[in-house]
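Let us walk through this structure together, one piece at a time. Please keep the 3D view open as you read.

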Amino acid sequence: MIKRITPPLDDKVLEDLRIGDKVLITGKIYSARDAAHKRFVETINKGGQLPIDLRGQIIYYVGPTPPKPGYVIGSAGPTTSIRMDSYMEPMLKAGLKATIGKGYRSWGVVDLFKKYRAVYFIATGGVGALISKKIKNAKIVAYEDLGPEAVMELEVQDFPVIVANDIHGGDIFEEGVKKYQEITLPFKIERISEV
Amino acid sequence: MKIVRVEEVEEAVRRLSMEVNYYIRDELKDAYKKALEREVSETGREILSQIIENVELAAKEQLPICQDTGVSIVYVEIGQDVKIEGGNLYDAINRGVSKGYKEGYLRKSVVKDPLFNRVNTGDNTPAMIHVEVVPGDIFKITFMAKGTGAENMSRLAMLTPAAGVKGIRDFVLKTVAEAGPNPCPPVVVGIGIGGTFDTVGWLAKKALMRKFGSRHPDPNYAKLELELLDEINKLGVGPQGLGGRITALDVRIETAPCHIGALPVAVNLDCHAHRVGVWEK
């Protein structure tokens, strides 16, 4: 079954999402990646005002290519999420309720999602042309000087994601690999940690 | 003596930067299709279908396959009977990158300083340029657009000779297993074995820049490439790391002689988009 959601997200919506769920997002989401997160968290630490209100919102880890003439955005697939892990707690404290990226999160962040009741979605990595068709409008709302790393408000329609971590502590990657692993390894597989 | 003008080099690099980002090579597209036939996970099959749909759309509309249009890696093989005329070769390559990334609406993903001054250079330069002198009069440019998702998951180890084939095998499997979903599997695995600390990383990158599906000339290594591919595909990582049988599309090894006390190994991962193009004069 496909679930449909629109931000801002409330507890009732988040409660209902489980790892593996296919979800279509319609509405406004925000782009931000490494450099923007650094600025967000510096601002929070200084007690300043963020350029966007994060409460109930979804951040998409993306740095799109420039739009060709006649296009609203260029190629726009997800970037690797783990690089944002060390910025996660202040963002969640500020009310952020969901992030979209690719790849796994540090175990510490999986715990934070449970603590702050937030979800982590994944979009398919490396299919940026296809994903760009789900973005109907894009405008820069902060940090224009960062170029491809500027913060944009993206209007999306039926933007396809999968729940990778839910508020109940589940992790899609661990379960998936367990199911298909056909080799005995003489070492333990450690998840890279950024927090 | 063959003459190569820097203007020709600039133009070739300009064109390659755009082409590798829009168009997938036929052998890679075939590999996607074979992967789709072999994958048993339903989610994995869906992802492989999206990958195929995406490269078709990218080619049709000349859109970048992936938004991470990469750092530009340019490997130049210059025959010793070749003369470069018209200016500085490195500058010509960078002008080609700058033009290609601007004209092609590609993302500029290079900062001028790694630590203290991470300011975007605005035109994706400088490229990472490797020049090698080779016999004869060939002039060959291999261009790779290398995204960082897979680059960040790459690893290097200074093993010792006693570690042997098992040590190499375990290191490769551990690298791919721990990278999990992050490098955008199904991946292509470039492995460097031998040389010194500095050369082994470049060997791994050269393995990635070698023709897709080509085998090492030494049958021992050619066999190891195929065995590793088979074992990696038993790790269960699968497309996008969500579980499945297709974790890698190809494994290629490059080797070099090394010190009596050394066994360096480097594993350079590349994402499924695996963007490499060649120009030869």
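A crossing of two helices is called left-handed if the near helix is turned anticlockwise from the far one by less than a right angle, and right-handed if it is turned clockwise. With that in hand, and remembering that this is a predicted model, turn to chain B and find helix H6 (residues 164–179) and helix H8 (residues 219–232). H6(B) passes H8(B) in a right-handed crossing. The two helices pack at an angle of about 40°, and their axes are 10 Å apart. Angles from 35 to 65 degrees fall between roughly parallel and roughly perpendicular, and H6(B) and H8(B) are therefore oblique to each other.

Which residues bring these two helices together? From H6(B) come B:Val165, B:Arg169, B:Val172, B:Leu173 and B:Val176, and they meet B:Leu224, B:Leu228, B:Glu231 and B:Ile232 in H8(B). Sorted by class, this contact has seven nonpolar residues, two charged ones and no polar ones.

Now compare another pair in chain B, helix H2 (residues 26–38) and helix H3 (residues 42–61), which pack at an angle of about 155° with their axes 9 Å apart. That angle is over 145 degrees, so H2(B) and H3(B) are roughly antiparallel to each other. Their crossing is left-handed. On the H2(B) side the contact is made by B:Lys29, B:Tyr32, B:Lys33, B:Ala35 and B:Leu36, while H3(B) brings residues including B:Leu48, B:Ile51, B:Ile52 and B:Val55. Here the classes are seven nonpolar, one polar and four charged residues.

Stepping back, chain B is divided into domain 1 (2–22 + 65–146) and domain 2 (149–274). The C-alpha centres of these two domains of chain B lie 25 Å apart. Ten residues of domain 1 and 13 residues of domain 2 make the contact. Between them, the two domains of chain B bury about 880 Å², with 70% of this on carbon and sulfur atoms. B:Tyr75, B:Met144 and B:Lys146 supply 52% of the area that domain 1 buries against domain 2, more than any other three residues.

Finally, have a look at the backbone. Most residues other than glycine have a negative phi, and most peptide bonds are trans. B:Tyr105, which is not a glycine, has a positive phi of about 55°, and it is found in the loop between H4 and S4 of chain B. B:Pro126 has its place in the loop between helix H4 (89–103) and strand S4 (128–134) of chain B, and the peptide bond from B:Thr125 to B:Pro126 is cis, with omega near 0°. In chain A, a cis peptide bond joins A:Pro7 and A:Pro8, and A:Pro8 lies in the loop between strand S1 (2–5) and helix H1 (11–16).

Key:
Residues numbered from 1 in each chain as written. Chains lettered and ligands numbered in written order. Predicted model: local features only at pLDDT ≥ 70, side-chain atom pairs only at ≥ 80, totals over all residues. Heavy atoms only, no water. Axes fitted to C-alpha atoms, helices over the stretch in contact; angles between N-to-C directions. Helix = DSSP H or I, 4+ residues; strand = E, 2+ residues; numbered from the N terminus. Parallel < 35°, antiparallel > 145°, perpendicular 65-115°, else oblique. Contact = heavy atoms within 4.5 Å. Nonpolar A, V, L, I, M, F, W, Y, C, P; charged D, E, K, R; others polar. Domains from an automatic or database assignment. Buried area = accessible area lost by both parts, 1.4 Å probe.
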